[in-house]
Amino acid sequence: MCASSSEKDLYAVLGASPSESTEELRHRYQQLVLQCHPDRLSGRGSSEADVGLKRFLEVDAAWKILSDGNTRRDYDLHRRAHDLKQDWPVDSTVFLDNMAWNNDECLYTHCCRCGGAFIINEEEVQEETQRSTSQEEVETPGGQSRGVIVCCDTCSLSVYVTWTTLPQR
Ligand SMILES: [Zn+2]
C-alpha cells in the first residue's frame, strides 16, 4: 500500500504556508492554475499535458479544501496532529470538551490507559488561546483551532488536546 499521495501537504501543493489568509491562498491558486490549466497545455506534447493536468487537479483539490473555513479548520487540525506525531509519541487526539473539568483546581483531566492522567490547567488553555497568531490572520466564522501536547503524569504517553477559539471581536 502506498499512502504517499493521500498525505500530501495541501499548503505545499499551493506553495503556501499555513499562516496565510484565504485571500493569499486564492492568489497562489490562481497563479498556479494559470500555469498548468489543461487548456493552456493542449498544444504541448502529451506527457507534458499529462503532468500539467495532474498538477492542475492536485492544485484544484487543495484549493477546494483550503478555501472553505470549515474544511480548512478540519484539515489544519489533522495536519497539526499528524506533524506533532512525528516528533512526540502522541497517543491520540483529545477534544478539550471531552475532558473532565476539575472545578476545585481549575484544570482539565483525562484518564490515561496506564491509570495515570493527562492534566492541563485553565491557565495553559487561556495562554494558548490568547497567543496571537501571525500577521493579520483572517478569523474563520467558526474561530481558530488551538491545541497543545499534554504528557501523562505517570507514563511516557502524550495526547494532543485540541479546542476551537471563539472569533475575537
Ligand atoms: Zn499514562
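Trainee: Which residue stands opposite A117 in β4?

Mentor: Strands of a sheet pair through backbone hydrogen bonds, either parallel or antiparallel. Here C111 stands opposite A117 in β4, and H110 stands opposite F118 in that strand. Please note that this is a predicted model, in which local features need pLDDT of at least 70, side-chain atom pairs count only at pLDDT 80 or more, and totals for chains, interfaces and linings use all residues. Residues are numbered from 1 along each chain as its sequence is written.

Trainee: How many bridges join strand β3 to β4?

Mentor: Two strands pair if DSSP finds at least two bridges between them. Strand β3, residues 107–111, is joined to β4 by five bridges, and the two run antiparallel. Their hairpin has five residues between the strands, and G115 takes a positive phi near 100° there.

Trainee: In what order do the strands of the open sheet lie?

Mentor: The order is β2-β3-β4, with antiparallel pairing. At the edges are β2 (100–102) and β4 (117–121), each of which pairs on one side only. From one strand to the next, the twist averages 30°; axes are lines fitted to C-alpha atoms, for helices over the stretch in contact, and angles run from 0 to 180 degrees between N-to-C directions.

Trainee: Which helix lies across β3 and β4?

Mentor: Helix α6, residues 122–130, lies across them and runs at about 60° to β4. The covered face of β4 holds F118 and I120, whereas A117, I119 and N121 form the uncovered one.

Trainee: How many helices and strands does the protein have, and how are such elements defined?

Mentor: Helices (H or I, at least four residues) and strands (E, at least two) are DSSP runs, numbered from the N terminus. The protein has six helices and six strands. Their sequence from the N terminus is α-α-α-α-α-β-β-β-β-α-β-β.

Notes: Contact = placed C-beta atoms within 7 Å. Buried ≥ 20, exposed ≤ 12 C-beta atoms within 10 Å, placed from the backbone.
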